Amino acid sequence: MNLRFPLLVLTSLASFAPAAPAGAVEAGFQSLFNGRDLSGWAGNLGFWFVRDDAITGQTTWTSPTKANTFLVWQGGDVKNFELRISFRLVSNNDTVFANSGVQYRSRVIDRATWLVGGYQADMDYSGKYLGMLYEEKGRGILMQPGEHIRVG
């Protein structure tokens, strides 16, 4: 099965929008986001919401998180997939830190806090970590942007 959106999403402040208008899905792909609400997703709704047809996560100086906060897709088990995503990071005076990422092949460790562990494709406002492969609650940084690795 090919998927358009991740199994899990992590963010401090990010918008994740479909590459095509909601409802327009390329043949062979399944969209995990309907473009309107968080149906099929679970997480701390104090930080996650839909704005301008995009999944948005936001922390601010007045509303910080104590730890990473994840939004988890609840639509089923995924085996092999191709991930396609568009994202936008916004940094301003109200933002704690414009850093995000997409978790995949991950597991929920604690549903009360939405703590997950697994692989993460990093995104950050500065671009320093853009595309970095990180294992949340595991080995940490596995690959810096531009590197090629094989994990056995």
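**Exercise 1. Decide whether Q120 is buried or exposed, and place Q120 in the chain.**

Solution. Q120 has a relative accessibility of 3%, so Q120 counts as buried, where buried means under 20% relative accessible area, exposed over 50% and partly exposed in between, with a 1.4 Å probe and protein chains only. This is a predicted model, in which local features need pLDDT of at least 70 and side-chain atom pairs count only at pLDDT 80 or more, while totals for chains, interfaces and linings use all residues. Residues are numbered from 1 along each chain as its sequence is written, and side-chain values use heavy atoms, with hydrogens and water left out.

Next, Q120 is found in strand β11, residues 115-124; strands (E, at least two residues) and helices (H or I, at least four) are DSSP runs numbered from the N terminus. Finally, the side chain of Q120 is joined to that of D122 by a polar contact of 2.2 Å, that is, a pair of N or O atoms within 3.5 Å, of which, within protein, one must be able to donate a hydrogen and the other to accept it, and residues adjacent in sequence count only if both atoms are side-chain atoms.

**Exercise 2. Follow the pairing from β11 to β12 and from β12 to β13.**

Solution. Begin with β11, which pairs with strand β12 (residues 133-136) in the antiparallel sense over four bridges; two strands pair if DSSP finds at least two bridges between them. Here Q120 stands opposite Y134 in β12. Then turn to β12 and strand β13 (residues 140-143), which are also antiparallel, over three bridges, with Y134 opposite I141 in β13. The hairpin of β12 and β13 has three residues between the strands, and in it K137 takes a positive phi near 60°.

**Exercise 3. Find which residues make up the largest nonpolar core, and then locate V72.**

Solution. A nonpolar core is a set of buried Ala, Val, Leu, Ile, Met, Phe, Trp, Tyr and Cys residues joined through side-chain atoms within 4.5 Å. The largest has 10 residues, namely L32, F33, L38, W41, F47, W48, I55, L71, W73 and V78. Apart from that core lies another, of five residues, among them F70, V72, W114 and V116. V72 lies in strand β8, residues 70-73, and is buried because its relative accessible area is 4%.

**Exercise 4. State how many helices and strands the chain has, and what percentage of its residues count as buried.**

Solution. The chain has zero helices and 13 strands. Of its 152 residues, 39% count as buried.
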